[in-house]
Each structure stands twice: as C-alpha cells, then as structure tokens.
Amino acid sequence: MTVLDQVPVRWRHDRLVRSDAPRLGGARVLTAGDSWVAVTDGSHGTSVVGYGDGGGAARLVTALVAAGELRPPLHWLSLPRDVDVPAEVAAALQVEPLPGWDWLSVDALPPVLPRESQVVRLDLGIEAPAIRECLEEANPGTDADPDGAHEIAWWGVRGPRGGLLGVIGASERGGGHPGEQTWHLHGLGVRPGARRQGLGAALTAAAVRDGLGQGLPWVSLGVWAHNEPALAMYAALGFRTDHRRRSYRPRGQAGTHPHR
C-alpha cells in the first residue's frame with residue numbers, strides 16, 4: 001500500500017502530495033478527518049510532513065508527541081502555515097521554525113522573455129564545479145547541489161568571458177500518475193553584479209519551457225513567503241500558489257528546507 005492509498009481522498013490528486021509521494025516511501029500515515037501526517041524514519045532521523053486545514057496536522061503532531069510516539073532527533077517537520085505547532089511541542093522535538101514558504105506550480109508555457117535566448121542547458125558531467133562556484137556567490141544559502149542524486153538538469157547564463165552569471169537547477173519529483181515525473185526547480189541564483197537585468201526570470205522561464213516541452217504535467221518550486229519580488233516574478237511567469245507552508249529544522253542546524 002502506497003502513501004497515496006492511505007491519505008484522505010481529497011489529497012490524492014494534490015500536486016504537492018503527488019510530487020512528494022515517491023520520497024515518502026514506506027511512511028507511517030496517521031489521519032484525522034481530512035488532516036493527515038506521514039512519518040518517515042531515516043538514517044538522519046525522523047521526517048514528518050502534514051496536511052490539513054484549521055490546524056489539524058499540528059494537532060496530530062501534538063498527539064504523537066504526547067503519546068511518546070514522536071521523539072527527537074527529527075530530520076525535518078513541514079506543516080501548513082495556518083496554525084503552528086505549540087512552542088512546547090517544538091521544544092520537545094528539539095526543532096525551531098523557519099520563516100513561512102510557498103509551494104508553487106505551473107502547467108502552461110510562460111511568455112518568451114527578452115534574455116531567455118541567453119540561457120543554455122549545462123553539462124553536469126563537466127560544469128558541476130562551475131555551478132557550485134556560481135552558487136557560492138549567487139545563492140549561498142541554497143541546499144541545491146548539481147551532483148545530487150535526483151538532479152535532472154541545470155541551466156545557466158554565461159558572461160562575456162564565459163563564466164556563469166546565474167544558474168537554476170531541477171530535481172525529479174512525482175507526477176499526477178504512478179511512474180510520471182515532474183520537475184522541481186531550485187538553486188536559482190544570479191551574481192550580484194548581474195541582478196535586476198531579467199536573468200532570474202529568463203532562467204526560470206527557460207527551465208519551465210524545457211520541462212513542459214518534454215510533456216511534464218507541471219513544474220514546481222518553493223519560495224520564501226516574504227520574498228515579494230520573487231513571488232511577483234513567478235506569478236508573471238504563470239505560477240500559482242498551491243500551498244502555504246512552514247518547516248521546522250533541528251535547533252542550531254544550518255540549511256533551508258527541502259523545497260528550496
């Protein structure tokens with residue numbers, strides 16, 4: 001029985017749930033009405049994702065902690081942003097909240113942008129070091145790695161001397177049907193000296209066009225909810241906001257969240 005077989009019916013065709021389903025593997029699923037959480041044990045600790053309106057997922061996590069069925073170390077906790085877990089629950093799990101973030105998806109081709117013609121698909125076998133060097137300046141907080149296990153492709157814009165001015169990558173996620181693939185964009189970064197010239201939008205548009213052009217049902221990405229310029233840019237490219245989330249990480253641990 002898969003995770004999708006265990007969740008409430010209303011969630012079985014949700015894009016984020018479908019996207020994450022292959023990564024949840026043999027998760028233990030607990031439900032209460034239309035709310036649910038999936039608990040996965042791994043080598044780095046326990047990961048928990050939850051869904052539901054009105055704080056239902058937060059209440060399920062609280063109940064698991066009270067029953068002694070959820071303990072640290074936690075690798076990750078991600079829930080709807082409408083109701084946070086109580087402070088005492090976060091303390092018991094030894095996690096701290098990250099700022100809110102939104103999960104977006106698009107299923108229609110974006111408008112063609114003036115600088116999109118400068119975007120090229122990069123050769124990961126040769127250019128992974130150059131991508132990482134660009135990210136160190138352009139997006140030092142990202143967890144995206146061109147050598148990651150599920151990376152599909154990276155795109156970049158080159159400067160006059162051939163170096164990368166900006167990059168974006170895509171990793172493989174689940175789709176609308178068993179065995180179907182979607183892409184999740186991450187690692188978008190433009191060097192400070194090349195910003196405000198439309199390169200971020202051009203990189204994103206080119207990656208979306210590449211994915212949808214190959215027949216993918218949608219392409220997704222995650223963005224911090226306070227990043228209003230980025231949200232406006234993605235809206236102009238046709239992205240819709242599917243979920244408003246908050247993640248929690250182990251106290252004192254650096255890094256962002258798995259949808260960055």
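Reply: Start at Leu104, whose bridge partner in strand E12 is Thr241. This is a predicted model: local features need pLDDT of at least 70, side-chain atom pairs count only at pLDDT 80 or more, and totals for chains, interfaces and linings use all residues. Residues are numbered from 1 along each chain as its sequence is written, and side-chain values use heavy atoms, with hydrogens and water left out.

Strand E6 (residues 101-106) is joined to E12 by 5 bridges, and the two run antiparallel. Strands count as paired if DSSP finds at least two bridges between them. Strands (E, at least two residues) and helices (H or I, at least four) are DSSP runs, numbered from the N terminus.

E12 spans residues 240-250 and also runs antiparallel to strand E4 (residues 74-80), with 4 bridges. There, Leu77 stands opposite Tyr248. Strand E5 (residues 95-97) joins E12 through 3 bridges, again antiparallel. Glu96 has Arg249 as its bridge partner in E12.

Now follow E4. Its residues 74-80 include some that touch Thr46: contacts of Thr46 include Leu74, His75 and Trp76 (contact: heavy atoms within 4.5 Å). Thr46 itself sits in strand E3 (residues 45-51). Why does Thr46 count as buried? Because its relative accessible area is 10%, and buried means under 20%, exposed over 50%, partly exposed in between, with a 1.4 Å probe and protein chains only. The side chains of Thr46 and Asp41 form a polar contact of 2.8 Å. A polar contact is a pair of N or O atoms within 3.5 Å; within protein, one must be able to donate a hydrogen and the other to accept it, and residues adjacent in sequence count only if both atoms are side-chain atoms.

Next, follow E6. The largest nonpolar core has 29 residues, and Trp155, Leu185, Val219 and Phe239 have the most contacts inside it. E6 is among the elements that give two or more residues to this core, as are E8, E9 and E10. Helix H6 gives the most, with 8 residues. A nonpolar core is a set of buried Ala, Val, Leu, Ile, Met, Phe, Trp, Tyr and Cys residues joined through side-chain atoms within 4.5 Å. Take Leu185: beyond four places in sequence, its contacts include Ile168, Val208 and Val219. Another core, of 20 residues, lies apart from this one; among its members are Val7, Leu24, Trp101 and Trp218.
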